[in-house]
Amino acid sequence: MNPTIKTINGPVVIAKNAGDLKIREMVSVGDLKLIGEVISVDGDFATIEVYEDTSGLRANEPIISTHRPLSVRLGPGLLKNMFDGIERPLEKIMDENGAFIPSGIGFTNLDEEKEWDVDIKVKDGESIHVGDIYATIKETKTIEHRLMSTVDGTISEVKASGTYKLEDTIVKVKTNEGIEELKLYQYWPVRNPRPVKKVRPLELLLNTGQRVLDVFFPVAKGGTVAIPGGFGTGKTMLQHQFAQYADADIIIYIGCGERGNEMTQVLEEFPELIDPNTGYGLMERTILIANTSNMPVAAREASIYTGITIAEYFRDMGYHVALMADSTSRWAEALREISGRLEEIPAEEGYPAYLGSRLSQFYERAGYFTNLNGSDGSVTLIGAVSPSGGDFSEPVTENTRRAVNVFLGLDRKLAYSRHYPAINWMTSYSNYVDTIRSYYQEETGEDIIGVRNELMNVLLQEEEVSSILMLVGKDALSDSQRNILDVAELIRVGFLQQNAYNDTDKYVPLEKQIKMLKVIENYYHKSDEAIKNGIPYNKVYDPKIINDITQMKYNIKNDDLDKFTVLNNKLESHFLGLGGGEINA
């Protein structure tokens, strides 16, 4: 007997006569032909997770197997597109069905009617291996799509370069199992990581143009990042800054369980954004995956696997990919809801006991790799976390902290005081500081990490001095302590705070960041030396000098860095007038 529906509980369907179904197999559920995935088999019964609204399903309706796991189709047409959590094109669905996604529309994804200009890269009789590039397509103005073999064998037939559709066979490969036809796409199971030849160390900076990231809490290409923060602290804005300015080749943005108005904002803003690296629109290298809070909860759980599989596909072509997941808290809530319907024993705060392992499995798919075809590529994972009430001790934040190497804790007080990015320098950290130290030295010739550590120590001293200040007032502080407060303010306001709406300050090249950092370091050294030499604080402190340093991020344009020499000369003149010695330019 064929499998049929026994019971329906939200997105969870129990099937009877289902002993032949396999774990992770994709199935068509009911007369509506809803997309589902088998998640457990118990004798003659199977539990199926349905990725669409199950309203309208009835008991005893048929369940049909597709004989393959939940997979995505990978090929040209991914870029500049927006999909739901299981890779269905939302724009096409809207054109055909209106503003709401109907049930049972099937597993449509890439456009099969569009014609692509294909440049064949192989010849008849050649050997071909898994991962080898057999054709290329100019998918957008900035990205070349590279079609990669899924089999080992000898090429037995090749079409000439020309115009083809997705389903056209352009290469035939003779394998041990027979003839394999290579088309313009391939399928890949979303829960299986794509293979690589070698895992490489993370030694390159993911340059974002954001000072607090590039210097104080650097992100390595292929790294893992968590951005936890309460409502209104700027998680989405920070991820937008990553998307627009990070020097990644491909951007994948997953709206996982977010409010519909936030995703609407993304959809309206992204097509208008200009890629500073190419001068073209940002969407030329961007893929959007939207699974809002009112869409089926099971598809939300699948959305991050869809995103990371697409990211690995472009990585295998030799690209550097940055994936933003906003937010993994909503993904974890989907896990919790499905777990509850499966009657699993809950762990902390009702989340399933496997929450930590699922988060780890996701973040472990990041990295910098040598691919099977010999190219180098990376996937950087940046996950926003939305802890209830801003409590970083809740399970999702704590389990994420264990799985990532960069923790950018957003602070509500900083956000409400208009300090953006609202990254709390006392609770945040980056484990890549030492691993990319040589990168800074090669790029700038400076020991930037040494300067960074010194100025971080100033911020730590400010915390201690601020505690004393609360008790005794500023007049009771020593000259050295008052100077620490001034330098710390220069670091906070003049360097860490960055204006995303200012044309000069929204993106700052690394060279300018280093010069800004050196100016603050020089002021700190000279002012500290002057006070130790007995010069009173009132003479050391000059509001004009402080203002010039604070405003250098606005007053010195990104392409006019010679003005730093003028600023350094002002500092030198000021301290020479006090008898404080020369300053390093």
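Which residues does UniProt give for the feature "domain: AAA+ ATPase"? The unreviewed entry places this domain at residues 221-414. UniProt positions follow the numbering used here, feature names are shortened, and annotations may be inferred rather than shown by experiment. The model is predicted, so local features need pLDDT of at least 70 and side-chain atom pairs count only at pLDDT 80 or more, while totals for chains, interfaces and linings use all residues. Residues are numbered from 1 along each chain as its sequence is written, and side-chain values use heavy atoms, with hydrogens and water left out.

Over residues 221-414 the chain is 39% helix and 21% strand. The end C-alpha atoms of this stretch lie 28 Å apart. Helices (H or I, at least four residues) and strands (E, at least two) are DSSP runs, numbered from the N terminus.

G229 sits in the loop between β19 (224-228) and α3 (235-245). G232 is found in the loop between β19 and α3. Accessibility is classed with a 1.4 Å probe on protein chains only: buried is under 20% relative accessible area, exposed is over 50%, and partly exposed is in between. G229 counts as buried because its relative accessibility is 1%. G232 has a relative accessible area of 41%, so G232 is partly exposed. Contact means heavy atoms within 4.5 Å. Leaving aside neighbours within four places in sequence, G229 contacts K235, V385, S386, P387, F392 and L410. With residues up to four places away not counted, G232 touches A415 and Y420.

Elsewhere, strands β11 (residues 133-138) and β12 (residues 144-148) run antiparallel and are joined by five bridges. Two strands pair if DSSP finds at least two bridges between them. T136 has R146 in β12 as its bridge partner. Five residues separate β11 and β12, which form a hairpin.

Helices α10 (residues 437-444) and α11 (residues 448-472) pack at about 115°, with axes 8 Å apart. Axes are lines fitted to C-alpha atoms, for helices over the stretch in contact, and angles run from 0 to 180 degrees between N-to-C directions. R437, Y440 and T444 in α10 meet I448, I449 and G450 in α11.
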